[in-house]
Amino acid sequence: MSLDCFSLDETFRQHSARPSIGRFCAAADMAEITREAVTKGDQDEPILHKEKIKYTPEEEAKLERQHFWRVIDAFRYYRVHVQEQVNRAERQYRSLTQRHQLLLPSVLSNLTRLSQCVDHNQEVLHAIVHNCMHMFENMEYGEEDDLKKLRPPSTFDMDKLKSTIKQFVRDWSEVGQAERDTCYLPIIREIQRLFPSDQYDVSKLSVLVPGAGLGRLAWEIARLGYMCQGNEWSFFMLFSSNFVLNRCEKVNSLILYPWIHQFSNNKKSSDQTRSIRFPDIDPQSLPTTSDFSMVAGDFLEVYTEPDSWDCVATCFFIDTAHNVLDYLETIWKILKPGGVWINLGPLLYHFENMANEVSIELSYEDIRSAIIKYGFHLEVERESVQTTYTENDRSMLKYVYDCIFFVARKPARVYTNGGGCEEDDHACSSPPCAKSPRREGGSGLT
Ligand SMILES: C[S@@+](CC[C@H](N)C(=O)[O-])C[C@H]1O[C@@H](n2cnc3c(N)ncnc32)[C@H](O)[C@@H]1O
């Protein structure tokens, strides 16, 4: 997907008289669509090259539209896809002997309940993508023929959609509060510690949250008065965050059944069909003075402006990179001198085992040493922060991530030296951040 800058401000006004709380931006005009190409070297082994294939603006626009509609199709095809699984379960049940069927009197009624939950989820998904072809102020995706067609999406896309549904639990339900406390709270507390509101005009402090998912972390930071921008690449997430941030208002007014796709590891049948309500808080309840926005696009391509952010906060994000050093380099570049990078997450590399994809899978030890060589000061480091990610708390199978948490500061004064950097001797000899004017001065950081 290319970069698109879309303003939900504008879109929102088209659909409702309510005030908008967030500005979405999609930067298609800045985009350069890239594709991984596999070429053969002299050896037998295929060699991966990450080549940027240049497209004409027309080709770019076409690819962008195709991708957009593929994601819409996944939302619209949900019922058909999940109902297949329910039908399969029914066929399996009916294939049992009469004697065995009699031992399981509630299976068919449970499957009927499952179908009802699927229908309900489908209604919410329809609402999410309703009119979203107009959500970008600088990009129109509408096309009559496209609207009429419904193409079966890939299993990969359907899995992404199911993950997106679970993301509503993490970000916008009461059930997700405990998980948010372990994942988001350490980051939020660190921002408040580093930039306390009694010492700074926090509205002038800029915080970027790349890989923002459904936007809750960025929203919470904005709620505290910081200028906060979420950045997200996936249309699945962008459609959904647009919906929750700009079209949901009444607390706990909507229902989803996030666990119905899980047929294994249920202790009770009713665990599979239990619901969650969202949003647990009115997303439009941000103070009118807040500066909150969401920008669509690849983090590496959207954020190129040097020295522009006071803080970059990454949560479960850095392992989405083909090469995490590219993320590190971009974060270094876009942070203002003296700015901080706060990170929490595991290293579950997203492109590991994916055919024809570059995937550099570094240990934390390697990343840590690269961070320091790059010139960051590691000010805080905790190597074992236990968290979950979209956990089904009644499942018989649970994953715990033993996350890394760190705060790395770009020194207040640096000389760049090729790829890495060297600190100014004076800045080097200072205790980390003690001489940073941003910490001594009581005013804003801009
Ligand atoms: C594991 S999720 C974490 C989401 C959120 N930070 C959270 O903690 O719930 C990683 C997110 O990063 C997004 N992402 C992956 N690569 C990206 C990129 N290059 N630019 C922006 N977002 C990206 C994915 O679409 C996904 O929503």
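**Helix pairs in a predicted model**

Start with helix α8, residues 185-194, and helix α9, residues 216-223: their axes come within 11 Å and cross at roughly 30 degrees. That makes α8 roughly parallel to α9, a label for angles under 35 degrees, while over 145 is roughly antiparallel, 65 to 115 roughly perpendicular and the rest oblique. Axes here are lines fitted to C-alpha atoms, for helices over the stretch in contact, and angles run from 0 to 180 degrees between N-to-C directions. Helices are DSSP runs of H or I with at least four residues, strands are E runs of at least two, and both are numbered from the N terminus.

Some ground rules. This is a predicted model, where local features need pLDDT of at least 70, side-chain atom pairs count only at pLDDT 80 or more, and totals for chains, interfaces and linings use all residues. Residues are numbered from 1 along each chain as its sequence is written, and side-chain values use heavy atoms, with hydrogens and water left out.

Back to the pair. Which residues in α8 and α9 meet? I187, I188 and I191 in α8 meet L217, E220 and I221 in α9. Contact means heavy atoms within 4.5 Å. The residues of this α8 and α9 contact split into five nonpolar, no polar and one charged. Nonpolar covers Ala, Val, Leu, Ile, Met, Phe, Trp, Tyr, Cys and Pro; charged covers Asp, Glu, Lys and Arg; the others, Gly among them, are polar.

Next pair. Helix α13 (residues 324-334) and helix α14 (residues 364-374) have axes that come within 11 Å and cross at roughly 30 degrees. α13 and α14 are therefore roughly parallel to each other. From α13 come V324, L325, L328, E329 and W332; from α14 come I367, A370, I371 and Y374. By class, the α13 and α14 contact has eight nonpolar, no polar and one charged residues.

Helix α2 (residues 57-94) and helix α6 (residues 155-172) have axes that come within 9 Å and cross at roughly 90 degrees. That makes α2 roughly perpendicular to α6. In α2, R70, A74, F75, Y77, Y78, H81, V82 and Q85 meet D157, M158, L161, K162 and I165 in α6. The α2 and α6 contact divides into eight nonpolar, two polar and three charged residues.

Finally, the whole protein. How many helices and strands does the protein have? The count is 16 helices and 14 strands. Among contacts between residues at least 6 apart in sequence, 75% join residues at least 24 apart.
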